[in-house]
Amino acid sequence: MKLALVIYTSFWPVFIQTTYGMRDIDSTLIDMARIHRVRRMRRLAEIVIPSIGPYFVVGLRLSVVGALIASIVTELIGGAPGLGYAAWDRTEYRANREHVRADHCYRTAWART
C-alpha cells in the first residue's frame, strides 16, 4: 500500500509535465517532417522526444520531491522503520531527554537550597 501511494504521487507530475511538453511542440517541425515524408519512429526520435525532454525532467524533479514526502508521511502513519519513523522517534527522544534534563536541573536547584 505504501509503495502504491508513492508511485501514485510520483506519477502525476511526470504525466502532466510530459503532456504540457507534447502540447508545446512546434507544429511547423511536425509539418516539415510530414512534407519530407519522415517516418513516425524517426519523427518521434528526432522531434518529439527532444522537445518533451525538458518538461519530462521538470516532472521528474517534482515527482522525486513528492515521492520523498509521500514515503515519509506513509512511514509516519504506518510506523514502519524508515525515515519517517526515525524522525518521529528522534523528536520523542529529544523531548524525553529535555524533560529529564529539566527535571535534573530542578532537583539540583532544590537540593542546594
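The axes of helix 1 (residues 2-23) and helix 3 come within 7 Å and cross at roughly 160° in this predicted model. Axes here are lines fitted to C-alpha atoms, for helices over the stretch in contact, and angles run from 0 to 180 degrees between N-to-C directions. Helices are DSSP runs (H or I, at least four residues), numbered from the N terminus. Helix 1 is therefore roughly antiparallel to helix 3, a label given to angles over 145 degrees. The crossing of these two helices, helix 1 and helix 3, is right-handed; in a right-handed crossing the near helix is turned clockwise from the far one by less than a right angle. In the contact of helix 1 with helix 3, 15 residues are nonpolar, eleven are polar and one is charged. Of these classes, nonpolar covers Ala, Val, Leu, Ile, Met, Phe, Trp, Tyr, Cys and Pro, charged covers Asp, Glu, Lys and Arg, and polar covers the others, Gly among them.

Helix 3 (residues 40-78) also packs with helix 2 (residues 27-35), their axes coming within 10 Å and crossing at roughly 160°. Helix 2 and helix 3 are therefore roughly antiparallel to each other, and helix 2 passes helix 3 in a right-handed crossing. On the helix 2 side, Leu29, Ile30, Ala33 and Arg34 meet Arg43, Ile47 and Val48 of helix 3, where contact means heavy atoms within 4.5 Å. Five residues of this contact are nonpolar, none is polar and two are charged.

Two salt bridges occur in the structure, a salt bridge being a side-chain nitrogen of Lys or Arg within 4 Å of a carboxyl oxygen of Asp or Glu. One joins Arg34 to Asp31, with 3.8 Å between the closest N and O atoms. Arg34 and Asp31 lie three residues apart in helix 2 and so are separated by about one helical turn. Arg34 counts as exposed because its relative accessibility is 51%, whereas Asp31, at 37%, counts as partly exposed. These classes rest on relative accessible area (buried under 20%, exposed over 50%, partly exposed in between; 1.4 Å probe, protein chains only). Arg42 and Glu46 also form a salt bridge through their side chains, at 3.0 Å from N to O. Because Arg42 and Glu46 are four residues apart in helix 3, about one helical turn separates them.

Residues are numbered from 1 along each chain as its sequence is written, and side-chain values use heavy atoms, with hydrogens and water left out. As the model is predicted, local features need pLDDT of at least 70 and side-chain atom pairs count only at pLDDT 80 or more, while totals for chains, interfaces and linings use all residues.

Terms used. Angles under 35 degrees count as roughly parallel, over 145 as roughly antiparallel, 65 to 115 as roughly perpendicular and the rest as oblique.
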